Each structure stands twice: as structure tokens, then as C-alpha cells.
Amino acid sequence: MSAIEHAADPRATAIATAAGRLVELRDRWLNPPELVGWADEPVSGYPKRPVPRDDQATNEVKKRTLTNLYNARPQWLADAHEALDEAVAAAYGWPADISDEDVLRELLELNGG
């Protein structure tokens, strides 16, 4: 089945919504509007790039890496990942609280392992 054929599936929509929210939250943390503006790239066809608003913003934005975010693991990030995990589990027909070990077992079984 192609991705287009899954587009109307409520399970796919739930996953897309949860994944989109996770990306939105991470992007907002990485490049907060109070610290960065957005500039066009000199070559057309590329997305805009974040530009720190001043030297203080430059220093703050340098600290905002995905590694630092995931090491800190704030509650909003854990909640967003949990929502995505629950949407994926529901799509497979698994309980929301399925263990990582059971996920691996189920995936191996589904893939003939």
C-alpha cells in the first residue's frame, strides 16, 4: 500500500499529528522566536534559516542542541514522545503501555523473525 492510500486512515492521521506536534515542539525549543528570526537562503529552493537576533541570542541558541534537549528530557518532550508512542501502538492494535521488549518481539514476529 502506498502512503497516499493510508492518508485517510485515522491511525495514520493520529501518528502524523503526534509526530508533527513533536517536531513543532522541538523546533520551537531549538529556535525560539524570541531569539531568532528567519532569513531566506541565497539560493532559491531551500527553506529559510534561523538567524539569532543578537549576540546574546547567538550564545543561547548555540546551547540549544538536540543532544542537550534529550539529555535534559523536559516533561513536555517526554509527553510528546509518549503521545507518538501511543499512536503507533494503537495503529498496530497494541496496548498503549506495551513494553519495549514486547514491541521488539511483536515487530520481529510481524517481519518473519
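**Exercise 1.** In which loop is the place of Asp97?

*Solution.* The model is predicted: local features need pLDDT of at least 70, side-chain atom pairs count only at pLDDT 80 or more, and totals for chains, interfaces and linings use all residues. Residues are numbered from 1 along each chain as its sequence is written, and side-chain values use heavy atoms, with hydrogens and water left out.

Step 1. Elements are DSSP runs, numbered from the N terminus: helices are H or I with at least four residues, strands are E with at least two.

Step 2. Asp97 sits in the loop between helix H5 (75-92) and helix H6 (100-110).

Step 3. Its relative accessibility is 67%. Buried means under 20% relative accessible area, exposed over 50%, and partly exposed in between, with a 1.4 Å probe and protein chains only. Asp97 therefore counts as exposed.

Step 4. Glu82 is 15 residues from Asp97 along the chain, and their C-alpha atoms are separated by 9.6 Å.

**Exercise 2.** Describe the helix after this loop and what follows it.

*Solution.* Step 1. H6 has 11 residues, and the number buried is zero, so H6 lies largely in the open.

Step 1. H6 is followed by Gly112, with a positive phi near 75 degrees.

**Exercise 3.** Which value does phi of Arg73 come near, and where is the place of this residue?

*Solution.* Step 1. Most residues other than glycine have a negative phi.

Step 1. In Arg73, a residue other than glycine, phi is positive, near 45 degrees.

Step 2. Arg73 is in the loop between helix H4 (66-72) and H5. With a relative accessible area of 42%, Arg73 is partly exposed.

**Exercise 4.** Find the aromatic pairs and classify them.

*Solution.* Step 1. Rings of Phe, Tyr and Trp (its six-membered ring) pair if their centres lie within 6.5 Å; planes under 30 degrees apart count as stacked, over 60 as edge-to-face and the rest as tilted.

Step 1. The count by this rule is one aromatic pair. Tyr92 and Trp94 form it, at 4.4 Å centre to centre with 10 degrees between the planes, and the pair is stacked.

Step 2. Trp94 counts as buried at 13% relative accessibility, whereas Tyr92 is partly exposed at 45%.

**Exercise 5.** Which residues does Arg28 touch, not counting residues up to four places away in sequence?

*Solution.* Step 1. Arg28 belongs to helix H2 (residues 10-30) and is partly exposed, with a relative accessible area of 42%.

Step 1. Contact means heavy atoms within 4.5 Å. Under that exclusion, Arg28 touches Pro33 and Glu34.
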